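Visitor: I have a structure open here and would like to talk it through with you. Could we start with the charged pairs and then move on to whatever comes up?

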Amino acid sequence: MSNEQQTLEWIPRSVRTRLDACALRISLKQWQALPLPARALLAQTAAGEVSDVLFRGALDAALTAADVGPARLSDPA
């Protein structure tokens with residue numbers, strides 16, 4: 001397993017933070033079902049200065065392409 005694969009095996013902090021900002025949740029199973037290039041793109045997008053709308057679009061496209069179901073809305077705190 002390459003270093004990039006090991007790094008992206010778990011949902012990165014940047015992605016979790018952006019998911020929180022968008023009030024979304026994805027499971028670890030959904031994350032790991034995404035192809036490595038999709039995970040890398042989502043990590044870069046989450047860490048970048050793109051809008052939440054663009055991040056949500058990238059996330060929705062990746063989840064749809066991988067056929068792993070949509071992101072869930074997070075429960076209100």
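Visitor: Is aspartate 20 buried, partly exposed or exposed?

Guide: This is a predicted model, and in it aspartate 20 is partly exposed, because its relative accessible area is 45%.

Visitor: Which residue does aspartate 20 form a salt bridge with?

Guide: Its partner is arginine 25, and the closest N and O atoms of the two side chains are 2.5 Å apart. Arginine 25 counts as partly exposed too, because its relative accessibility is 35%.

Visitor: How many salt bridges turn up in the whole structure?

Guide: A search of the whole structure finds two. Besides the pair of aspartate 20 and arginine 25, there is a salt bridge between aspartate 52 and arginine 18, whose closest N and O atoms are 3.2 Å apart. That pair links distant parts of the chain, since aspartate 52 sits in helix H5 (residues 52-66) and arginine 18 in helix H2, 34 residues apart.

Visitor: And arginine 18, is that one buried or exposed?

Guide: Arginine 18 counts as buried because its relative accessibility is 10%, under the 20% limit used for that label. Aspartate 52, in contrast, counts as partly exposed, because its relative accessibility is 32%.

Visitor: What about arginine 39, does it have a salt bridge or no salt bridge?

Guide: Arginine 39 is buried yet has no salt bridge, and the nearest side chain of opposite charge, that of glutamate 9, is 7.3 Å away.

Visitor: Where does arginine 39 lie, and which residues is it in contact with?

Guide: Arginine 39 lies in helix H4, which covers residues 36-47. Leaving aside neighbours within four places in sequence, arginine 39 is in contact with Leu8, Glu9, Trp31, Gln32 and Leu34.

Visitor: Staying with H4, at what angle do H2 and H4 pack?

Guide: Helix H2 (residues 13-21) and H4 pack at an angle of about 65°, their axes being 8 Å apart, and the crossing of the two helices is left-handed.

Visitor: Which residues of H2 and H4 meet there?

Guide: From H2 they are Ser14, Val15 and Arg18, which meet Leu42, Ala43, Thr45, Ala46 and Ala47 in H4. By type, the residues of this contact divide into five nonpolar, two polar and one charged. Arg18 of H2 is also the salt-bridge partner of aspartate 52.

Visitor: Changing topic, which phi value does alanine 23 have?

Guide: Phi of alanine 23 is near 60°, a positive value in a residue other than glycine. Most residues other than glycine have a negative phi. Alanine 23 is found in the loop between H2 and strand E1 (24-25), and it counts as partly exposed because its relative accessibility is 32%.

Visitor: And what is phi of aspartate 67?

Guide: Phi of aspartate 67 is near 55°, again a positive value in a residue other than glycine, and this aspartate has its place in the loop between H5 and strand E2 (72-73). Aspartate 67 is exposed, because its relative accessible area is 69%.

Visitor: Last one, in what order do the elements of the chain run?

Guide: From the N terminus on, they run α-α-β-α-α-α-β, made up of five helices and two strands. Of the 77 residues of the protein chain, 32% count as buried.

Technical notes. Residues numbered from 1 in each chain as written. Predicted model: local features only at pLDDT ≥ 70, side-chain atom pairs only at ≥ 80, totals over all residues. Heavy atoms only, no water. Helix = DSSP H or I, 4+ residues; strand = E, 2+ residues; numbered from the N terminus. Buried < 20%, exposed > 50% of the residue type's maximum accessible area, 1.4 Å probe, protein only. Lys, Arg positive; Asp, Glu negative; His and termini not counted. Salt bridge = Lys/Arg side-chain N within 4 Å of Asp/Glu carboxyl O. Contact = heavy atoms within 4.5 Å. Axes fitted to C-alpha atoms, helices over the stretch in contact; angles between N-to-C directions. Left-handed = near helix turned anticlockwise from the far one by under 90°. Nonpolar A, V, L, I, M, F, W, Y, C, P; charged D, E, K, R; others polar.
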